[in-house]
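Q: Could you take me through this model, so that I learn how to read its features one at a time?
A: Let us look at it together and begin with charged pairs.

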Amino acid sequence: MSFKKDFLWGGATAANQFEGAWNVDGKGPSCSDMCTGGSHTVSKRITQTIEENTFYPSHEAIDFYHRYKEDIALFAEMGFKVFRFSIAWTRIFPTGMEKAPNEAGLKFYEDVIDECLKYNIEPLITISHYEVPFGITEKYNGWASREVIDLYMNYCVAIFNRYKGKVKYWLTFNEINSATMPMGGYLSQGILNEGTTDFINQVDIPKLRFQGLHHQFIASAKAVKLAHEIDSNYKIGCMQLFATMYPYTCNPDDIVKTQQDSRVMNYFCGDVQVRGEYPTYMNRYFKENNIEIKIEDKDLEILKEGCVDFYTFSYYMSICVSSDPKEASTSGNILGGVKNPYLKASDWGWQIDPKGLRYTLNEIYDRYQIPMMVVENGLGAYDKKESDGSINDDYRIEYLKEHIEQMEEAVEDGVDLFGYTPWGCIDLVSASTGEMAKRYGFIYVDKYDDGSGDLSRLKKKSFNWYKQVIESNGEKLENADTVYA
Ligand code: BG6
């Protein structure tokens, strides 16, 4: 048996993508609440005020806020050992700037946590997942301003104290490294530069994003320290978006470019959060890109004192890197890169690469040697509800099965892996496109891109399959209906 006896099997979500109730019980608007719907080909728009007669997918989402008991019961039925969700900062501090927390928001998450504990499901909480309070965007241009560190710390004080004794695992920022790309400016950092009207083509000022990252590193390190002071049982992790990169050819130019791109995108943030210091390779990157970061006297000490306890990441795809400008970006992947002729892709062009997960787990573990968890992985696909109400998502079973097999290989290779939470265990709104049509769940939600749907929940075929995977601690991966030649 490869997986640890108490391996944490579960699923992952984020507040802004599934809670709905965007302005209920004192909640304020977040950056995500200002995003309209979009599609694979049409970008979500970012509006400065809420427009009448415009559809904002996060406003109702799948209404977990009012249905959490039903949903957590379904997770428990699958046998979840862990449930990853995020707290919406704006439920606790509606503009991000209040002095005292909003009791209704604190109470909601306490109820969610208690409901999980009722079924022995361990909560794994992301403190900030793509929902900076819009008030902070308006006043400070998001994380570009240093003041936001203190605002984030007020928020951490409130939640660390309130959930003490009930929660063990926390993640400071979802996919913190997404801000090494222009797309992460708004979504991850709440930076909205003048002239930005849509999510895909943001007016980008790299200096602000990297300054914002410095502030987030300091906030993350301070949060780690604070959490340990409040409750010595708290374990705090980092969370990276891992875009595994392969050289397109064995041309040394491709090899060197892959190493350089991967350092900035995949390793830089993890290096700071795990090792507590800036990696030296970033000096050259900053110099060549005219980026000067303001670092205060105490900052380097703070980083050293706030190294994370464990490492987590999302893994959906790999990309190839070429030094030949003609190859450019031919894959259609949201993360760019060159198409890999050996891989198939999802309907959204994300290249499917299970072996890349084994490779990635090994690469990261070699670098840090701390416990790891895969906190997002999955297949966004068009699901069809048949007339009898069944949803036969064999493609999703196949995808997950192949990735779990490779995680098992990585464990055999010696990686200290302690959990797996596939993304969107219940259908929810897509972060990149705002669609409902891009579904990841084991549970189907009757909700559509025009806002229609009765929000009822249905078990997909993958629901019972995943139940069997968890029951057998990853031993039984076969899809009962697959006919083998
Ligand atoms: C990760 C995010 O990037 O990928 C999630 O942490 C997101 O918020 C997930 O939903 C899948 O991406 P998408 O665009 O298909 O929703």
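Q: How many salt bridges does the count come to?
A: This is a predicted model, and a salt bridge is taken here as a side-chain nitrogen of Lys or Arg within 4 Å of a carboxyl oxygen of Asp or Glu. By this rule the count comes to 37 salt bridges.

Q: Which residue forms a salt bridge with K447, and where in the chain do the two partners lie?
A: The partner of K447 is E60, with 3.1 Å between the closest N and O atoms. This pair links distant parts of the chain, since K447 belongs to the loop between β11 (443–445) and β12 (457–459), whereas E60 belongs to helix α2 (residues 57–60), and the two are 387 residues apart.

Q: Turning to the ligand, how many residues surround it, and of which classes are they?
A: The ligand is surrounded by 14 residues, the closest being E175, E376, S432, K438 and Y440. By class, the shell holds six nonpolar, five polar and three charged residues.

Q: Which side chains place an N or O atom 2.7 Å from an oxygen atom of the ligand?
A: A polar contact is read from a pair of N or O atoms within 3.5 Å. The side chain of E376 has such an atom 2.7 Å from a ligand oxygen, and the side chain of K438 likewise has one at 2.7 Å from an oxygen atom of the ligand.

Q: How much of the ligand's area does the protein bury?
A: Taken alone, the ligand exposes 380 Å², and the protein buries 95% of that. The space taken by the ligand is the largest cavity.

Terms used. Residues are numbered from 1 along each chain as its sequence is written. This is a predicted model: local features need pLDDT of at least 70, side-chain atom pairs count only at pLDDT 80 or more; totals for chains, interfaces and linings use all residues. Side-chain values use heavy atoms; hydrogens and water are left out. A residue is near a molecule or strand if one of its heavy atoms lies within 4 Å of it. A polar contact is a pair of N or O atoms within 3.5 Å; within protein, one must be able to donate a hydrogen and the other to accept it, and residues adjacent in sequence count only if both atoms are side-chain atoms. Accessible areas come from the Shrake-Rupley method with a 1.4 Å probe; for residues, only the protein chains shown count as cover. On a 1 Å grid over the protein atoms alone, a cavity is a set of points where a 1.4 Å probe fits but cannot get out, and a pocket is an open set with protein on both sides within 12 Å along at least five of seven lines; lining residues have an atom within 4 Å of a point. A molecule sits in a cavity or pocket if more than half of its atoms lie within 2 Å of its grid points. Ala, Val, Leu, Ile, Met, Phe, Trp, Tyr, Cys and Pro count as nonpolar, Asp, Glu, Lys and Arg as charged, and the others, Gly among them, as polar. Helices (H or I, at least four residues) and strands (E, at least two) are DSSP runs, numbered from the N terminus.
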